[in-house]
Every structure is written in structure tokens, then in C-alpha cells.
Amino acid sequence: MHPAYQLGVIELVLNEYDRATKKFGEFNSTHEGYAIIQEELDELWDAVKKNDIEDSRKEAIQVAAMAIRYLIDSRDWRKL
């Protein structure tokens, strides 16, 4: 896979992270973070079952962004 494509995907994930954080703020707890990741994962699964490639890619970006958000927001709750 071409490195430029990989960087493009990472940029999409980081843009989604920024958008969601600006819109919703930080997670209030690890429980909230888990619930949001699970919600996005469920939406990804729904798109996969419909074989909707475009929507599944969008949802996968959101799953990745929320996982990053979880790691950043949970910095005070546990040490990595």
C-alpha cells in the first residue's frame, strides 16, 4: 500500500477526532468512552452487513478516532 494513502487515512482519522472533540468535548469517564466506541462499532457492523463500503469506511474512521480519543481522554485515569 502506498505511504501517501496510509497518511491520508490517518489524516481522516485525526480530522474526525478533532471534529468530535470540538463538538462533544472530552469523555467524562472510561465508561462513556467505551460506550461511544461500542456505538460506533455497532454502526460499522451495520454498514458491513449491508455491504455499504462507503458507509463502512466512514464508520471505521469514527471507530479509530474514538479509540484515539479514549486513549487521550483517559490519561488521568490510568497510566499506559
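I began with D46 and K49, which both lie in helix α2, three residues apart, about one turn of the helix; helices here are DSSP runs of H or I with at least four residues, numbered from the N terminus. The side chains of D46 and K49 meet in a salt bridge at 3.6 Å, N to O, where a salt bridge is a side-chain nitrogen of Lys or Arg within 4 Å of a carboxyl oxygen of Asp or Glu. I noted D46 as partly exposed at 37% relative accessibility and K49 as exposed at 52% (buried is under 20% relative accessible area, exposed over 50%, partly exposed in between, with a 1.4 Å probe and protein chains only).

The model is a predicted one, in which local features need pLDDT of at least 70 and side-chain atom pairs count only at pLDDT 80 or more, while totals for chains, interfaces and linings use all residues. Residues are numbered from 1 along each chain as its sequence is written, and side-chain values use heavy atoms, with hydrogens and water left out.

Next I looked at which residues of α2 are buried, and found G33, E40, L44 and A47. Seen down the axis of α2, these buried residues fall within an arc of 60°, so they line one face of the helix; the arc is that of the directions from the helix axis to the C-beta atoms. The face turned away from the buried side carries the exposed residues H31, Y34, W45 and K49. What covers the buried residues of α2 includes α3 (53–73).

I then turned to α3, where R69 lies, and recorded R69 as buried with a relative accessible area of 4%. The side chain of R69 reaches the backbone oxygen of G25 at 2.3 Å, a polar contact being a pair of N or O atoms within 3.5 Å, of which, within protein, one must be able to donate a hydrogen and the other to accept it, and residues adjacent in sequence count only if both atoms are side-chain atoms. Leaving aside neighbours within four places in sequence, R69 is in contact (heavy atoms within 4.5 Å) with residues including Y17, F24 and F27.

Last, I searched the whole structure for salt bridges and found five. One of them joins the side chains of R19 and E16 at 2.7 Å, N to O; R19 is partly exposed at 40%, whereas E16 counts as buried at 13%. In α3, the side chains of D55 and K58 meet at 3.3 Å, N to O, and the two residues are three apart, about one helical turn. Salt bridges that share partners join D55, K58 and E59 into one network.
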